[in-house]
Structures are given as C-alpha cells and as structure tokens.
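Please keep the sequence and the coordinates in view while reading.

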Amino acid sequence: MATRQAAVKRYVVTLSAEERERLDALIRTGKHPARKLLRARILLKADASEAGEALTDSQIAVGLHTSLMTVARVRQQLVEEGVEGVLTPKRSPNSARRRIFDGASEAKLIALACSAPPEGFARWTLQMLESKVVELNIVARARASSDQTESPFG
C-alpha cells in the first residue's frame, strides 16, 4: 500500500509574536476593509510558528469561505513582501486606464459634488460634474480618451 506524502509548502507562514498580536488586534478592534480582515485571518490560520494553527490551504479556504488561490497568494505575498505588504492595498501599475484625478483634484470634485447643484436642479448629475470640473480647470478632461462611455470616477 502506497503512503501519501504531504505536499511541501513553498511559502511557509511563520509569524513573530509581535505580528500575531498586531493581526489579532486588527481583527478585534475598529473598522477595516473586508479584504484586509480576510488577509489577516488567513495569515493567523496559516501561521506555522509555535502559537499558530498551521492549517492547510484547503482548511483555511473552507473555514474562511474563500478560494485556494487567495490563500496561496496571501502566503506568497507574506514571504515576498512581509505583513505590511499583505495588508496594504495596491493599485496595479498595469491598469488599463490611467487615473485622471489625483488626490487634490478628487477632493475638489467631492467638494463640488457636495455643494448646492446648479439652479433648477435637485442634485448634480455625472454629466454636470464632468462639465464643471473641466470648466473650473480642476482637470483638463474628465473622461479617458480611449473610452468615452465610462464614468471618469471609476
């Protein structure tokens, strides 16, 4: 009878006591994005240190209602980038669209959208906001030149 050998994990999660404490605190306190909380839970469940559970990817995926690939990516990202790299959201540099609004212009857009709408209107529409941000020179154009049908805010 052949014996089954456990697969050797390429990315082993081993957290320090400080890192475990930080992740526990993150989960217990305050409001955080669901993605960040899920990643923290994955790391705690995958931790192979003395204090950790050292669960398999399958057990973690089932227990946290996520995919095996998500668990595997979080393990890999921890090994390559550390805990902070796993918890910090990143915008893809390979994104198909370039951002039109930076932080300052986005703040001005939000202030404009929260202001009183033009006379005769109950609220701002996206088209009115688009025209106004260009008129006020907040941005040169409010739509990506390659796709004139999408909202500039996505």
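A residue is called buried when its relative accessible area is under 20%, exposed when it is over 50%, and partly exposed in between, with a 1.4 Å probe and protein chains only. By that definition, Asp57, Ile60, Ala61 and Leu64 are buried in helix 3. They lie on the same side of helix 3, because they cover an arc of only 100° around the axis, the arc being that of the directions from the helix axis to the C-beta atoms.

The model is predicted, and local features need pLDDT of at least 70, side-chain atom pairs count only at pLDDT 80 or more, and totals for chains, interfaces and linings use all residues. Residues are numbered from 1 along each chain as its sequence is written, and side-chain values use heavy atoms, with hydrogens and water left out.

**Overall fold**
- The protein has six helices and zero strands, where helices (H or I, at least four residues) and strands (E, at least two) are DSSP runs numbered from the N terminus.
- Read from the N terminus on, the order of elements is α-α-α-α-α-α.
- Of the 154 residues in the protein, 28% are buried.
- The accessible surface comes to about 10,900 Å², and 54% of it belongs to carbon and sulfur atoms; such areas come from the Shrake-Rupley method with a 1.4 Å probe, and for residues only the protein chains shown count as cover.
- Among contacts with a separation of 6 or more, 50% are between residues 24 or more positions apart, a contact meaning heavy atoms within 4.5 Å.

**Helix 3 and its packing**
- The buried residues of helix 3 pack against helix 2 and helix 4, whereas Val62 and Gly63, on the other side of helix 3, are exposed.
- Two packed helices are described by the angle between their axes and the distance between the axes.
- For helix 3 (residues 57–64) and helix 4 (residues 68–87), the axes come within 8 Å and cross at roughly 120°; axes are lines fitted to C-alpha atoms, for helices over the stretch in contact, and angles run from 0 to 180 degrees between N-to-C directions.
- In this contact, Asp57, Ser58, Ile60 and Ala61 of helix 3 meet Leu68, Val71, Ala72 and Arg75 of helix 4.
- The residues of the contact of helix 3 with helix 4 divide into five nonpolar, one polar and two charged, with Ala, Val, Leu, Ile, Met, Phe, Trp, Tyr, Cys and Pro counted as nonpolar, Asp, Glu, Lys and Arg as charged, and the others, Gly among them, as polar.

**Loop residues with positive phi**
- Ala54, in the loop between helix 2 and helix 3, has a positive phi of about 55° although it is not a glycine, and it is partly exposed at 44% relative accessible area.
- His65 lies in the loop between helix 3 and helix 4, where its phi is near 55°, again positive in a residue other than glycine, and its relative accessible area of 75% makes it exposed.

- Leu38 lies in helix 2 (residues 34–46) and is partly exposed, with a relative accessible area of 23%.
- Not counting residues up to four places away in sequence, Leu38 touches Leu64, Thr66 and Thr70; from C-alpha to C-alpha, Leu38 and His65 are 9.7 Å apart in space and 27 residues apart in sequence.
- Glu106, in helix 5 (residues 103–114), counts as partly exposed at 31% relative accessibility.
- With residues up to four places away in sequence not counted, Glu106 touches Arg99 and Phe101.
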